[in-house]
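Subject: Handing over a structure

Dear colleague,

I am passing on to you the structure shown below, and after it you will find my notes on what was found. Please keep it open beside the text while you read.

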Amino acid sequence: MGILSKIFTWWDGATIGTSLWSSRNGKHVGTDAQGNRYFRSKKPDARGRERRWVIYAGANDASRVPAEWHGWLHHSYDDLPESHLPPPKIWEVDYTPNATGTLSAYRPKGALEQGGKRARATGDYEAWTPDA
Amino acid sequence: MPKVTVDGQELDVPDGATVLQACELAGKEIPRFCYHERLSIAGNCRMCLVEVKPGPPKPQASCALPAAEGQQIRTDTPMVKKAREGVMEFLLINHPLDCPICDQGGECDLQDQSVAYGRGASRYHEHKRAVTSKNMGPLIKTIMTRCIHCTRCVRFSEEVAGVDEIGALYRGENMQITTYLEQAAKHELSANVIDLCPVGALTSRPYAYEARPWELKKTMSIDVSDAVGANIRIDSRGREVLRALPRINDDVNEEWISDKARYQVDGLTRRRLDKVWIRKAGKLQASSWNEAFELIAAAKPGKDIAAVAGDMVDCETMFAARKLLNALGSNLVESRQTGMNYDVSNLAAVNFNTGFAEIENADAVLIVGSHVRWEAALLNVRLRKAAKSGAKIFLVGPEWETTYPAEFIGADVSVLHDLPAHVAEAMSKAERPAVILGGAALAKGALHPALALAAEWNLVRDGWNGFNVLHFSAARMGSLMLGFAQKGGMADIAAAKPKVVLSLGADEMDLEPFADALKVYIGHHGDKGAHGAEIILPAAAFTEKSGTYVNTEGRVQLADKAVFAPGDAREDWTILRALADALGVSVGFDSFEQLRAQMIAEVPALGHEAVADYGALPKADMSVKASGAMSYPIKDFYMTNPIARASAVMQQCSAELLHGEALPEAAE
Ligand code: SF4
Ligand code: FES
């Protein structure tokens, strides 16, 4: 990511301000499999609670936070996921972000975007072409 | 005229009427399953029970009981009600309760009558009888468990169609209706048993599970698959025609239609012309109306323009085309696209003068050059009735399988000049003799020799005109009334070397002589005509426009528009109207009403839905001699027009029933 796009865009990762603020006030506590980095505030906030946040590696899409980190971010538990959750089983699939609205969204076999054909309906006809 | 009393109402009934008919005359509805006006009486369903005095003190089947002087008939007593409930209950013992998945649902006699006359609930708990379904070919689907053994189908094929195809096996509860050895029903009227079957035992195979009767729009129309002009009802949903059913018209088709009329409609959704095509560098390419019109205008046809009408066009289209040509100063119009050039100076000589209903009363018939079964299946039914009441029938032409006793007296048309003595005698001695001339005979110049015979046998007498020409194309009589004929037929058109040839759905014409002309095809199906054309303008099929048709009897009939034409296709007259603008002439009509009014002003007979009067037969030209072996124009009953050729059902019928291809799938 070039420095220019860092300055002028905000949809991938953190803006300069956020990065600066994070490095000053936050402590990097971990990184998930996609490279998203998780932070904790050094000082508790006005309500006396520690703040937690994430800086995405890539698109800022909340659904990219995997389940274990989601729990931590929302203060469901205090320990970092690696330290208190059982290690993932080999049969567990990798976490995938929500694809709705993106190109990789699931489309059933008959969907028009998949090159599917709609079922025959009344009024359909077969047009003649000269090579028929 | 016996006098009977029905529910206290006295009335005279015609001699020979049955009690059921007497009740109907009195306006009482009698439920029935086996009785049908056009079939013999079977009396086996017992649904028509009424109380009759004098007589035994029990209900009697009214359909089989002759009405007699002084009978007291009651249809509203508790005894009759109870009897009907009882019969209904018996019928339902073995009838499956599968109405929700039955195609007859909504138009089923059993359903309706059990609602109207049955008990409220069933008392029957035992198992129902099950019957294996039988193969009856590509048109008729059978679910024989539903059969109530009314035998209408058996009687139809035996009595009306004249083929012993359907019969019953076993007795009593075990009775089963089947075709002989489970072969397909093959004759041209086979699908009429579907209408006759009062339950869902025989249903339409191509239409299976397509629609329910109440979701269909019903449009009155005329069949164009042959020149009989059978009255049909087009059932459509949205933009698609789903089926064609006969309408009752005792003068034309009674209650039947041919399988082609019924099942060619699926061809209306295949091979459709739905956009303008223009030939560029030898290849047809999709184009626009404007470009096509410009191209035709650029050809500067002037008066070198000809129009050839196909077999299925309506009178309005032909009239509009003629108007256009006349405005351009041409009168090169022709409808006999295969090149026939019989004399049309007097239309009485090329008309079916006897009429279909009357031909039943003929007592001697000479058919020359017509495969009646294929060219006019419904006329064949009438001829069979005539034969059954004793008419002698002789045929000239190659042999075909008749459904009545008939004698073939030679395939060469010259037999007309030298008839076997017994034929000549039978014809001259007959009280109501009739001659029927088919297309094959006309092609060999048999018109005047036949007129000579007409004069010799005195075919036209008091209340009887026995001279008939049987055409095959639905447009023929209409086209002749509109003057769509040249003296020399197509040869005259070719000799005039037109620069532009408008083909109004003419798929049978020979394009060879018009190699240099700009051929414009105005039609609805991509068939021979479209392949040979330079410009294709998509038009409407017979279900997609209102129109006037004249059948071979000269009967003028109107058809309504059922659905819209697909894609860019337009009604024919609008195309011709737009073409007039493009060519810079005025045809004098802007709407269909104006067009029709002009047509009627010019040919008043087209304004009355009745048989047109063509006057007296002309004098025969004795010098004309006919000779040559005839061959029928129809080679395949199921493939005679572009719609039928496009229809998958007709193709299957042709392959399976006529050419014996493909094993019929086992019924199950
Ligand atoms: S198949 Fe239909 S028409 Fe034939 S006997 Fe059975 S119920 Fe009657
Ligand atoms: S209608 Fe009379 S017995 Fe069937």
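Helix H2 (residues 78–93) of chain B lies across strand S3 (49–53) and strand S5 (72–74) of that chain, and H2(B) runs at about 145° to S3(B). Helices (H or I, at least four residues) and strands (E, at least two) are runs assigned by DSSP and numbered from the N terminus, while axes are lines fitted to C-alpha atoms, for helices over the stretch in contact, with angles that run from 0 to 180 degrees between N-to-C directions. This is a predicted model, in which local features need pLDDT of at least 70 and side-chain atom pairs count only at pLDDT 80 or more, whereas totals for chains, interfaces and linings use all residues. Residues are numbered from 1 along each chain as its sequence is written, and chains are lettered from A and ligands numbered from 1 in the order in which they are written.

Strands S3 and S5 of chain B belong to an open sheet of five strands with mixed pairing, whose order is S2-S1-S5-S3-S4; two strands pair if DSSP finds at least two bridges between them. Strand S2 (9–12) and strand S4 (60–61) of chain B are at the edges and have a single partner strand each, so one side of each is left without a neighbour in the sheet. Strand S1 (residues 3–6) pairs with S2(B) in the antiparallel sense over four bridges, and B:Val6 has B:Gln9 in S2(B) as its bridge partner. In the loop between S3 and S4 of chain B you will find B:Pro54, and the peptide bond that leads from B:Lys53 to B:Pro54 is cis, with omega near -5°.

A second open sheet in chain B is formed by three strands in the order S10-S11-S12, with antiparallel pairing. Its edge strands, S10 (217–222) and S12 (240–246), each pair on one side only, and neighbouring strands of this sheet are turned by 30° against each other on average, direction ignored. Between strand S11 (residues 231–237) and S12(B) there are six bridges in the antiparallel sense, and B:Asp235 stands opposite B:Arg243 in S12(B). The loop between S12 and helix H6 (259–263) of chain B holds B:Glu254, which has a positive phi of about 55° although it is not a glycine.

Which domains make up chain B? The chain is divided into domain 1 (3–93), domain 2 (116–267), domain 3 (277–342 + 477–541 + 554–602) and domain 4 (353–469), with bounds that come from an automatic or database domain assignment. The C-alpha centres of domain 2 and domain 4 of chain B lie 32 Å apart, and 16 residues of domain 2 are in contact with 14 residues of domain 4, where contact means that the C-beta atoms of two residues, placed from the backbone, lie within 7 Å. On the domain 2 side of this contact there are nine nonpolar, three polar and four charged residues; Ala, Val, Leu, Ile, Met, Phe, Trp, Tyr, Cys and Pro count as nonpolar, Asp, Glu, Lys and Arg as charged, and the others, Gly among them, as polar.

Between the chains, nine residues of chain A are in contact with 16 residues of chain B, and the side of chain A that touches chain B has five nonpolar, two polar and two charged residues.

Finally, ligand 1 is surrounded by 14 residues, the closest being B:Cys147, B:Cys150, B:Cys153, B:Cys197 and B:Ala201; a residue is near a molecule if its C-beta atom, placed from the backbone, lies within 6 Å of it. This shell divides into 11 nonpolar, two polar and one charged residue.
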